[in-house]
Amino acid sequence: MTRFPTARPLAAMLLSTLLLAAATAQAARWSEPEISGLVTHRAIGEISGLAAATHFPGHYWAINDSGSPAQLHLVDGKGSYRGSVDTPGVPNRDWEDLASFRFEGGDYLLIADVGDNGGLRRELQLYVLEQPRELDQPALLAWTIRFTWPDGARDCEAAAVDPVAGEILLVSKKRVPAELFRVPLRPGRDPVVAERLGTLPGIEQPNAQTLMDNPVYGRYRAQVTAADLSPNGRVLAVLNYQSVHFLIRPRGGDWRGVLDQGGKMPHLLMPWLPQAEALAFDPAGTEIVIGSEQLPSPFLRYRLIR
């Protein structure tokens with residue numbers, strides 16, 4: 001969790017500024033960024049993860065960062081708060097991402113408790129919960145995956161689930177270039193060691209002008225804060241504080257092969273957001289929504305152009 005300056009207090013002023021500053025999408029198949037709404041409710045004041053809500057069409061589940069209650073929060077397509085459910089047995093040590101997936105006939109959410117700003121955690125937890133069907137019942141824990149990094153602690157805020165391959169994809173945050181790992185979706189008796197697949201190609205780092213303009217926070221702009229896998233399993237969307245990058249694998253291909261090819265990943269430039277740390281595909285894979293860790297903040301959307 002990296003703290004950025006507080007957003008402007010006047011929600012209307014912020015929304016107007018963002019609409020004027022919206023950058024042109026850089027990938028031809030996606031729309032320009034749209035501001036769907038403004039997040040203002042205190043219950044979702046530090047959104048660190050978003051995932052499509054299977055049993056609430058058009059809605060998303062959200063989680064907050066460390067220090068917040070262990071709850072899932074339901075928001076609509078405009079980022080408006082609709083309710084919360086508890087997650088008994090799933091403590092929020094440092095929740096950093098959320099993923100929605102269907103696996104072996106069930107609908108699930110993955111909570112990635114993988115934040116580690118100080119590089120002190122020896123073991124991390126990935127919690128799989130049954131997707132809630134009602135707002136008056138807690139979310140039930142299905143299983144827990146315990147894992148370690150192969151070569152020492154690192155910070156991580158991005159996780160996605162590939163249910164067909166039976167694996168979880170994780171992207172490191174602070175190391176340059178960012179690294180892609182995977183762990184099995186089904187747990188073993190002992191903690192598993194994450195397998196390093198390679199590094200993400202071509203995420204631009206802050207230039208000298210950016211660092212001069214903002215010497216305190218400029219160096220964070222390229223750090224990866226969220227990820228999600230498209231419903232067809234071929235596009236890994238990776239968020240940082242200034243853009244959305246896409247790692248695309250061919251049919252029948254694997255991620256390691258794509259990483260080995262190098263080159264720049266296609267990307268979408270974003271308008272300025274206070275602290276963009278949450279991203280999700282909609283169930284059809286035709287929209288991407290992005291949330292922030294500050295209030296008030298916009299609920300950003302990209303649409304796939306047919």
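Arg-196 has a relative accessibility of 40%, so it counts as partly exposed. The cut-offs are these: buried is under 20% relative accessible area, exposed is over 50%, and partly exposed lies in between, with a 1.4 Å probe and protein chains only. The model is predicted, so local features need pLDDT of at least 70 and side-chain atom pairs count only at pLDDT 80 or more, while totals for chains, interfaces and linings use all residues. Residues are numbered from 1 along each chain as its sequence is written, and side-chain values use heavy atoms, with hydrogens and water left out.

What does Arg-196 form a salt bridge with? The partner is Glu-179, and the closest N and O atoms are 3.5 Å apart. A salt bridge here is a side-chain nitrogen of Lys or Arg within 4 Å of a carboxyl oxygen of Asp or Glu. This pair links distant parts of the chain, with Glu-179 in strand S12 and Arg-196 in strand S14 (residues 195-199), 17 residues apart. Strands are DSSP runs of E with at least two residues, helices are runs of H or I with at least four, and both are numbered from the N terminus. Glu-179 has 6% relative accessibility, so it counts as buried. Through shared partners, salt bridges join Asp-151, Arg-154, Arg-175, Glu-179 and Arg-196 into one network.

Strand S14 also holds Leu-197. At 5% relative accessibility, Leu-197 counts as buried. From Leu-197 to Gly-83 is 38 Å in space, C-alpha to C-alpha, and 114 residues in sequence.

In total the structure holds 19 salt bridges. One of them brings together the side chains of Lys-173 and Glu-157, at 2.9 Å from N to O. Lys-173 sits in the loop between strand S11 (167-172) and strand S12 (179-184), Glu-157 sits in strand S10, and the two are 16 residues apart. Are Lys-173 and Glu-157 buried or exposed? Both are buried.

Another salt bridge joins the side chains of Arg-102 and Asp-107, at 2.8 Å from N to O. Arg-102 has 49% relative accessibility and counts as partly exposed, whereas Asp-107, at 15%, counts as buried.

Next, the sheet that contains S1. Strands of a sheet pair through backbone hydrogen bonds, either parallel or antiparallel. For this talk, two strands pair if DSSP finds at least two bridges between them. The open sheet has four strands in the order S1-S21-S20-S19, with antiparallel pairing. S1 and strand S19 (276-281) stand at the edges with a single partner strand each, so one side of each has no neighbour in the sheet. From one strand to the next, the twist averages 25 degrees. Axes for such angles are lines fitted to C-alpha atoms, for helices over the stretch in contact, and the angles run from 0 to 180 degrees between N-to-C directions.

How many bridges join S1 to strand S21 (residues 297-303)? There are five, and the two strands run antiparallel. Leu-38 has Pro-298 as its bridge partner in S21, and Val-39 stands opposite Ser-297. In strand S1 (residues 34-39), five of the six residues are buried, so S1 is largely enclosed by the rest of the structure.

Strand S16 (residues 235-239) is mostly covered, with five of its five residues buried. Val-235, Ala-237 and Leu-239 point one way from S16, and Leu-236 and Val-238 point the other way. S15 and S16 run antiparallel, joined by four bridges, and Ala-226 has Leu-239 as its bridge partner. The hairpin of S15 and S16 has five residues between the strands, and Gly-233 in the turn has a positive phi of about 80 degrees. On to strand S17 (residues 243-248): S16 pairs with S17 in the antiparallel sense over five bridges, and Val-238 stands opposite His-245. The hairpin from S16 to S17 passes through three residues.

Last, the largest pocket. A pocket is an open set of points on a 1 Å grid over the protein atoms alone, with protein on both sides within 12 Å along at least five of seven lines, and lining residues have an atom within 4 Å of a point. The largest pocket has a volume of about 480 Å³, where a volume is the space filled by probe spheres set on the points, and points are joined across faces, edges and corners. Its lining has 26 residues, and Ser-100, Phe-101, Leu-229, Ser-230 and Pro-231 lie nearest the centre. S6 gives the most to the lining, with four residues.

Notes
On a 1 Å grid over the protein atoms alone, a cavity is a set of points where a 1.4 Å probe fits but cannot get out, and a pocket is an open set with protein on both sides within 12 Å along at least five of seven lines; lining residues have an atom within 4 Å of a point.
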